[in-house]
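This briefing sets out selected structural features of a single protein model, grouped by topic. Please read the points below alongside the sequence and the coordinates.

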Amino acid sequence: MQQTSSNDARDDRLDDFNHRSITLDGVTRTVYTCGAGPAVIVMAEMPGISPDVVRFARWVRDAGLTVYLPSLFGRDGAYPQSEEGVSVFKRACVSAEFRAFGAGVSSPIADWLRALAALAHRECGGPGVGALGMCFTGNFALTMMLEPAVLAPVLCQPSLPLDDPAGLEISQEELDAVRKRLDREDLTVRAYRFEGDRFCTAARFASYSASLGPRFVPSVLPSAAANPEPPPFFEQIVASPHSVVTAHLIDSDGEPTTRARDEIIAFLVDSLTGREDRT
């Protein structure tokens with residue numbers, strides 16, 4: 001993946017993160033890590049690890065957790081501009097690692113992410129690992145539940161498959177296995193979207209609810225709660241309320257997006273510090 005750059009004064013160089021090259025299953029990727037305590041895998045939305053994604057990762061770190069931020073696509077630390085973001089999006093859609101279209105199939109990159117979760121658990125200890133996906137990576141947090149180390153999945157505006165508003169990017173066999181594990185271990189899946197999101201629809205959340213039952217805990221924020229001045233890629237290309245904890249978050253007391261962020265972080269902290277250690 002491409003590394004950090006300073007093409008824009010608003011770009012983030014991630015200087016307070018460790019820049020690691022991690023090889024798993026024969027594939028090497030850059031992973032940015034920081035913090036102490038149990039691990040959380042934070043997976044960036046399209047078009048990549050933006051300053052807003054890094055801001056969220058720092059909030060997780062400051063809550064007493066270790067963040068693993070893998071570079072999956074795009075230019076790391078880049079402020080999301082429209083033309084560059086569209087180019088990243090198009091490349092990801094045709095990549096063999098992602099399944100942007102067609103329900104009932106998981107993206108191959110989920111295998112690598114599960115291996116990263118297992119590594120993070122070995123390195124950080126604790127009862128297990130959290131996983132948070134956004135947009136293009138939203139459902140990855142659910143498929144990562146096939147790795148026993150993952151205890152706390154959070155799905156922020158899961159947007160795949162792009163061609164089926166009610167579809168889920170996971171096979172039925174995997175979905176059944178995840179549901180059984182959730183019931184067996186008394187775990188829950190947290191999920192967030194804006195009411196007016198045209199990529200993560202009410203139909204998709206209904207499908208999750210039908211498949212996971214009460215183990216699926218959805219939160220739907222009003223469209224009016226979204227930041228009205230997001231970066232150009234989100235304003236011009238996404239063109240709807242979408243990114244709950246990043247581009248459309250309003251960082252101010254009493255805001256619905258701020259409450260959602262705090263709820264997510266509390267869920268991660270409670271899940272990863274209050275359960276019996278599985279190491």
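In this predicted model, ring pairs link Phe73, Phe89, Phe98, Phe136 and Phe140 into a cluster. The structure holds 9 aromatic pairs. The points below begin with these rings and then turn to the nonpolar core, the paired strands, one loop arginine and the backbone geometry.

**Aromatic pairs**

- The rings of Phe98 and Phe140 are stacked, because their centres are 6.2 Å apart and their planes lie at 15°.
- Phe98 belongs to the loop between α2 and α3, whereas Phe140 belongs to helix α4 (residues 140-143); the pair therefore ties together parts that are 42 residues apart in sequence.
- Phe98 and Phe140 are both buried.
- Phe233 and Phe234 form an edge-to-face pair, with 5.4 Å from centre to centre and 90° between the planes.

**Nonpolar core**

- The largest nonpolar core has 90 residues, of which Leu69 and Phe136 touch the most other members.
- Helix α3 gives the most to this core, contributing 8 residues.
- Beyond its neighbours within four places in sequence, Leu69 is in contact with a set of residues that includes Leu14, Phe17, Val31, Tyr32, Val42, Ile49 and Val53.
- In soluble globular proteins, nonpolar side chains tend to be buried together.

- Strand β3 (residues 39-43) is largely enclosed by the rest of the structure, because 5 of its 5 residues are buried.
- Both faces of β3 are covered: Ala39, Ile41 and Met43 are buried on one side, and Val40 and Val42 on the other.
- Strand β4 (residues 66-70) runs parallel to β3 and is joined to it by 3 bridges; Val67 of β4 is the bridge partner of Val40.
- Between β3 and β4 the chain passes through helix α1 (residues 51-62), and this β-α-β crossover is right-handed.
- Strand β5 (residues 129-134) also runs parallel to β3, with 4 bridges joining the two.
- Val40 has a bridge partner in β5 as well, namely Gly130.

**Strands β7 and β8**

- Strand β7 (residues 189-194) pairs with strand β8 (residues 216-221) in the parallel sense, over 6 bridges.
- Within this pairing, Arg193 has Val220 of β8 as its bridge partner.
- The chain reaches β8 from β7 by way of helix α6 (residues 202-212), in a right-handed β-α-β crossover.

- Arg99 is located in the loop between α2 (82-94) and α3 (109-124).
- Its relative accessibility is 33%, so Arg99 counts as partly exposed.
- A polar atom of the Arg99 side chain lies 3.4 Å from the backbone oxygen of Ala96.
- Apart from neighbours within four places in sequence, the contacts of Arg99 are Val105, Ser106, Ser107, Pro108, Leu160 and Glu169.
- Arg99 and Asp164 are 65 residues apart along the chain, and their C-alpha atoms are separated by 12 Å.

**Backbone geometry**

- Most residues other than glycine have a negative phi, and most peptide bonds are trans.
- Met46 and Pro47 are joined by a cis peptide bond, with omega at about 10°; Pro47 sits in the loop between β3 and α1.
- A cis peptide bond also joins Leu160 and Pro161, with omega at about 0°.
- Pro161 lies in the loop between β6 (150-156) and α5 (172-185), and Gln157 lies in the loop between β6 and α5 as well.
- Gln157 has a positive phi, near 40°, and is buried because its relative accessibility is 0%.
- Ala239, in the loop between α7 (232-238) and α8 (256-273), has a positive phi near 55°.
- With a relative accessible area of 44%, Ala239 is partly exposed.

Note on methods
Residues are numbered from 1 along each chain as its sequence is written. This is a predicted model: local features need pLDDT of at least 70, side-chain atom pairs count only at pLDDT 80 or more; totals for chains, interfaces and linings use all residues. Side-chain values use heavy atoms; hydrogens and water are left out. Buried means under 20% relative accessible area, exposed over 50%, partly exposed in between (1.4 Å probe, protein chains only). Contact means heavy atoms within 4.5 Å. A polar contact is a pair of N or O atoms within 3.5 Å; within protein, one must be able to donate a hydrogen and the other to accept it, and residues adjacent in sequence count only if both atoms are side-chain atoms. Two strands pair if DSSP finds at least two bridges between them. A crossover is right-handed if, with the strands pointing away from the viewer, the path from the first strand over the helix to the second runs clockwise. A nonpolar core is a set of buried Ala, Val, Leu, Ile, Met, Phe, Trp, Tyr and Cys residues joined through side-chain atoms within 4.5 Å. Rings of Phe, Tyr and Trp (its six-membered ring) pair if their centres lie within 6.5 Å; planes under 30 degrees apart count as stacked, over 60 as edge-to-face and the rest as tilted.
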